Amino acid sequence: MSNLTKNEFWFIVGSQFLYGPEVLETIEKRAAEMAEVLSQSPVIPCKIVYKVTAKTPDEITQVVKDANYDDTCAGVITWMHTFSPSKMWINGLALLQKPYLHLHTQYNRNIPNLEINMDFMNLNQSAHGDREHGFIGARMRLARKIVVGYWQDQNVQEHIGSWMRSAIGTKASRDLKVVRFGDNMRNVAVTEGDKVEVQIKLGWQVNTWGTGDLVTELEKVTVAEIDALLDEYRQKYTVATDNIDSIRYQAREEIAIKRILDREGARAFTNTFEDLFEMDQLPGLSTQRLLEMGYGYGGEGDWKVSAMTSVVKQMTEGLPGGTTFMEDYTYDLEPGKELSLGAHMLEVCPSVATDRPRIEVHPLGIGGKNDPARLVFEGHPGNAIVISLVDMGGRLRLIVQDVEAVKPIYDMPNLPVARIMWKAMPDLLTGAHCWILAGGAHHTVFSYAATAEMMEDWAEMMGIEFVHITKDTTVESLKQQLFLADLAWKLR
Ligand code: MN
């Protein structure tokens with residue numbers, strides 16, 4: 001399902017005719033070289049293509065129009081090598097529909113002490129050319145990422161790479177279809193939301209299919225298809241059960257659900273234990289497998305977390321660490337060492353596993369169906385984030401919290417599901433307080449691969465509210481931020 005390398009980003013350099021053809025030739029040569037070198041960086045996931053040294057309003061408008069309608073162009077990067085009067089940019093930027101990064105850099109790192117003269121000054125004037133360009137971005141209230149620093153430096157390239165992934169996330173969003181088998185779990189509030197508003201803001205097409213449609217598809221799966229999948233399971237996981245029939249039923253579910261998703265061009269789905277109709281088991285192992293392949297999933301009909309899981313998985317393609325659907329389940333409240341234990345009834349993605357997952361079969365106290373097979377494993381230690389998108393009524397709020405996953409402090413031999421243990425920032429008690437204050441859901445996307453920076457840039461591109469709970473967040477400061485945000489969003 002790779003999307004990342006199909007995308008490119010356009011490098012648009014600003015100048016004007018004031019400086020003569022020689023200067024413009026030098027700029028062209030340098031811009032092409034910079035695009036080439038940046039594209040080779042291991043932290044930059046997509047190709048950067050040098051497009052034009054723009055010198056007139058018409059050139060700028062044309063390249064923006066081309067960018068808007070080119071499906072391979074996932075965003076534009078601007079940089080003013082010389083002074084490029086910004087009224088020339090207004091009409092073009094007013095049309096821009098692609099993510100926009102303003103790179104504030106210069107070709108040379110150091111000032112050449114002996115060579116510097118007025119010719120050098122005229123050629124290398126990003127320091128004020130980019131200020132003129134920055135003003136028009138601010139004046140037009142454009143959503144933009146600003147990256148400042150020497151273009152060959154690792155941290156500059158990292159910020160560019162991170163923004164590219166956010167831009168891929170906007171594309172993933174605009175293309176996303178979510179298949180819902182059944183509705184949300186009855187009476188639950190936070191998993192609800194305005195699907196029309198979400199489609200307008202984020203592009204998600206969220207629609208429902210009857211569980212009966214899935215049952216019909218289940219019946220079409222052949223024994224040979226199930227046999228083949230069982231071989232794959234045995235290679236990848238440790239089979240720790242004698243109940244092979246249960247595993248075979250999950251294989252049948254995996255094939256049938258995947259078939260429906262692929263037929264509909266959907267990359268995310270939901271189901272609910274309250275609406276399993278004639279299915280024998282709640283999908284467990286099957287859902288975990290689909291998550292591992294890159295599909296989004298949300299339990300209890302939670303289509304927002306399902307869609308977010310898919311978007312984050314697409315943004316972070318190729319990065320280590322993994323991303324999963326997750327739920328804060330229960331706490332260990334040892335004073336000063338408080339930890340959250342996250343899990344779900346079944347459906348945690350094995351991309352976050354630290355060890356080889358085991359296939360186990362256990363009864364499920366909920367849903368009244370047969371014992372489902374599931375993958376059981378521990379999540380690995382490391383820095384991560386949890387992500388929750390909530391519908392505040394009239395606007396969407398994206399909440400991101402920094403967390404530190406630890407090796408689970410207990411082995412919990414009777415816990416029959418995959419699990420991760422983590423410390424929420426700034427500490428579990430304050431962090432949970434802040435989370436609840438902001439209205440964060442019990443379901444989250446848990447990601448070692450995504451960063452808060454990526455999610456913040458994505459939220460800005462989508463035009464939604466962003467709340468970040470960090471090691472420095474206090475309840476008082478967050479309260480103030482949420483109060484002011486409520487006022488600001490009412491005015492929009
Ligand atoms: Mn749940």
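Ala, Val, Leu, Ile, Met, Phe, Trp, Tyr, Cys and Pro count as nonpolar here, Asp, Glu, Lys and Arg as charged, and the others, Gly among them, as polar. What you have open is a predicted model, where local features need pLDDT of at least 70, side-chain atom pairs count only at pLDDT 80 or more, and totals for chains, interfaces and linings use all residues. Residues are numbered from 1 along each chain as its sequence is written, and side-chain values use heavy atoms, with hydrogens and water left out.

**Stop one: a helix pair.** Select helix H2 (residues 57-69) and helix H3 (residues 87-95), which pack at an angle of about 15°, their axes 8 Å apart. That makes H2 roughly parallel to H3 (angles under 35 degrees count as such). Now show side chains: Pro57, Ile60, Thr61, Val64, Lys65 and Asn68 in H2 meet Met88, Trp89, Asn91, Gly92 and Leu95 in H3, contact meaning heavy atoms within 4.5 Å. The residues of this contact split into 6 nonpolar, 4 polar and 1 charged.

**Stop two: the second largest cavity.** A cavity is a set of points on a 1 Å grid over the protein atoms alone where a 1.4 Å probe fits but cannot get out, and lining residues have an atom within 4 Å of a point. Pick Ile12, Val64, Val76, Thr78, Trp89, Leu93 and Leu96, which line this one. Strand S3 (73-80) and H3 are the elements giving two or more residues to that lining. By class it has 6 nonpolar, 1 polar and no charged residues.

**Stop three: the largest cavity.** Select Val190, Asp302, Lys304, Val305, Ile387, Ser388, Leu389, Ala441 and His443 to see its lining. Helix H12 (303-315) and strand S15 (382-391) each give two or more residues, and S15 gives the most, with 3.

Note on methods: Axes fitted to C-alpha atoms, helices over the stretch in contact; angles between N-to-C directions. Helix = DSSP H or I, 4+ residues; strand = E, 2+ residues; numbered from the N terminus. Parallel < 35°, antiparallel > 145°, perpendicular 65-115°, else oblique. 1 Å grid on protein atoms, 1.4 Å probe; cavity = no way out; pocket = protein on both sides within 12 Å on 5 of 7 lines; lining within 4 Å.
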